[in-house]
Amino acid sequence: MKEPFFSIVTTAYNKEKYIKQCISSIINQTCGDFELIIADDCSSDNTLNIIENFSDKRIKIIKMPQNIGVSHLRNKGLKCANGKYILFADTDDMLENTLLERAKTELLKCQSDILFFPYKYYIEEKNLLKRNNSRRALKILRKFKKPFSVEEAGKELFNVNYEVWNKVFKREFLIGNEIFFKEDLSFSEDFVFYCDVLNKAKSASYLNKAGYYYRFFAQKKFEKEKVIEQFKKAFAYARIPVETKWGKEFYDKKICSILNYWIVKLNYDKDLCRFAEEICAKGSTLHPKSKCKKIFYKLYYKIKNAL
């Protein structure tokens, strides 16, 4: 049987409200050369029934008898994938209907290890697609002629968002370099994965048009204790690949930048601020009285979340 050009790996846990829309956006792509691997994490709602109602032969379902978490599920999907290239999608998001066609055209030309593409926010309450800061990311990527060397781009690629869902990865590259998700992470797992990718990737390219619609939840809540605990693990994992290639000073600045963003996102939580001050250079972290930085990050957060 001919291997598909793409394997799309998505994980599901109690997503009955959104899973049908996600799957439909994938199976109705203008390029049909793919397999869709859906790993269900022992959902207790109607998610699995909705998945099984799709009769498309390109859909493969992995059923877990107990909840194991997103990183485990993505690794299981990656290990059973047959496609030449891998995409990761979240089951509450959607793909733009020509994404795979445009990605295949570009990848046949460049054969790169990683392909970037812009994304938009989907604001469900307003049924609205909103541009994020993709223009800034594209401006960075357009400095380089396609395909370009990751070594040449270097630190610039850390100014592009690190989430895995708006990128395509060559499967041979991931498997050959044993790049998988850290299974003890359920938060910031994408950041560590992206650091490993940039440490090993040789070539990259990009698309100009948005290919992914990220569903924005205005009321999404985070447990601060879990956030801090997961940050500690994620930063420990990321330290080796980042410091090895770009040095300790760059690693420290990147970690501080991530923490400052989350300090604003969690409304200057005291525990998170204290944690950031412990690991970042003195004077580099945000606090409520740092008016200039506070204004900048609030503006950034407002734009990023399309409010």
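**Entry 1: helix α10**

I began with helix α10 and listed its buried residues: F250, Y251, K254, I255, C256, I258, L259, N260, Y261, W262, I263 and V264. I note here that the model I am reading is a predicted one.

I then checked the length of the helix. Helix α10 covers residues 248-265, which is 18 residues, and at 1.5 Å a residue these should span 26 Å. I found the end C-alpha atoms 26 Å apart, so the length agrees with the expectation.

I also looked at what comes after the helix. N267 follows α10, and the phi of N267 is positive, near 55°.

**Entry 2: α10 against α11**

Next I asked at what angle the axes of α10 and α11 cross. Helix α11 is made of residues 270-279, and its axis comes within 10 Å of the axis of α10, with a crossing angle of roughly 165°. Angles over 145 degrees count as roughly antiparallel, and therefore α10 is roughly antiparallel to α11. I recorded the crossing of α10 past α11 as left-handed.

I wrote down which residues meet. From α10 they are I255, L259, W262 and I263, and from α11 they are L272, C273, F275, A276 and I279. Sorted by class, this contact has nine nonpolar residues, no polar residues and no charged residues.

I compared this list with Entry 1. I255, L259, W262 and I263 are among the buried residues of α10, and they are the residues of α10 that meet α11.

**Entry 3: helix α8**

I turned to helix α8, residues 189-200. Helix α8 has 12 residues and reaches 17 Å from its first C-alpha to its last, close to the 16 Å expected at 1.5 Å a residue.

How many residues of α8 are buried? I found 10 of its 12 residues buried, and I describe the helix as mostly covered. The buried residues are E189, D190, F191, V192, F193, Y194, C195, D196, V197 and L198.

**Entry 4: α8 against α9**

I then examined how α8 packs with helix α9, residues 224-246. The angle between them is about 20°, and their axes are 9 Å apart. An angle under 35 degrees counts as roughly parallel, and therefore α8 is roughly parallel to α9. Helix α8 passes α9 in a left-handed crossing.

On the α8 side, the contact is made by F191, V192, C195, D196, L198 and N199. On the α9 side, it is made by A234, F235, Y237, A238, P241, V242, K245 and W246. By class, I recorded 11 nonpolar residues, one polar residue and two charged residues in this contact.

**Entry 5: the loop between α7 and α8**

I looked up two residues in this loop. D184 lies between α7, residues 171-176, and α8. Leaving aside neighbours within four places in sequence, D184 is in contact with Q230, K233 and Y237. Y237 is also one of the α9 residues in the contact with α8. The C-alpha atoms of D184 and S71 are separated by 7.6 Å, although these residues are 113 residues apart along the chain.

E178 is found in the loop between α7 and α8 as well. E178 has a positive phi of about 50° although it is not a glycine. At 65% relative accessibility, E178 counts as exposed.

**Entry 6: N75 in α3**

Is N75 buried or exposed? N75 is placed in helix α3, residues 70-79. Its relative accessibility is 3%, so N75 counts as buried. Not counting residues up to four places away in sequence, N75 touches F180, F181 and E183.

**Entry 7: two further loops**

I noted C42 in the loop between β2, residues 34-40, and α2, residues 47-52. C42 is not a glycine, yet it has a positive phi of about 60°. At 31% relative accessibility, C42 counts as partly exposed.

I also noted P147, in the loop between α5, residues 134-141, and β9, residues 148-149. The peptide bond from K146 to P147 is cis, with omega near -15°.

**Entry 8: the chain as a whole**

Finally, I recorded the totals. The protein chain contains 12 helices and 12 strands. Of its 307 residues, 53% are buried. Among contacts between residues at least 6 apart in sequence, 78% join residues at least 24 apart.

Note on methods. Residues numbered from 1 in each chain as written. Predicted model: local features only at pLDDT ≥ 70, side-chain atom pairs only at ≥ 80, totals over all residues. Heavy atoms only, no water. Helix = DSSP H or I, 4+ residues; strand = E, 2+ residues; numbered from the N terminus. Expected span 1.5 Å × (residues − 1). Buried < 20%, exposed > 50% of the residue type's maximum accessible area, 1.4 Å probe, protein only. Axes fitted to C-alpha atoms, helices over the stretch in contact; angles between N-to-C directions. Parallel < 35°, antiparallel > 145°, perpendicular 65-115°, else oblique. Left-handed = near helix turned anticlockwise from the far one by under 90°. Contact = heavy atoms within 4.5 Å. Nonpolar A, V, L, I, M, F, W, Y, C, P; charged D, E, K, R; others polar.
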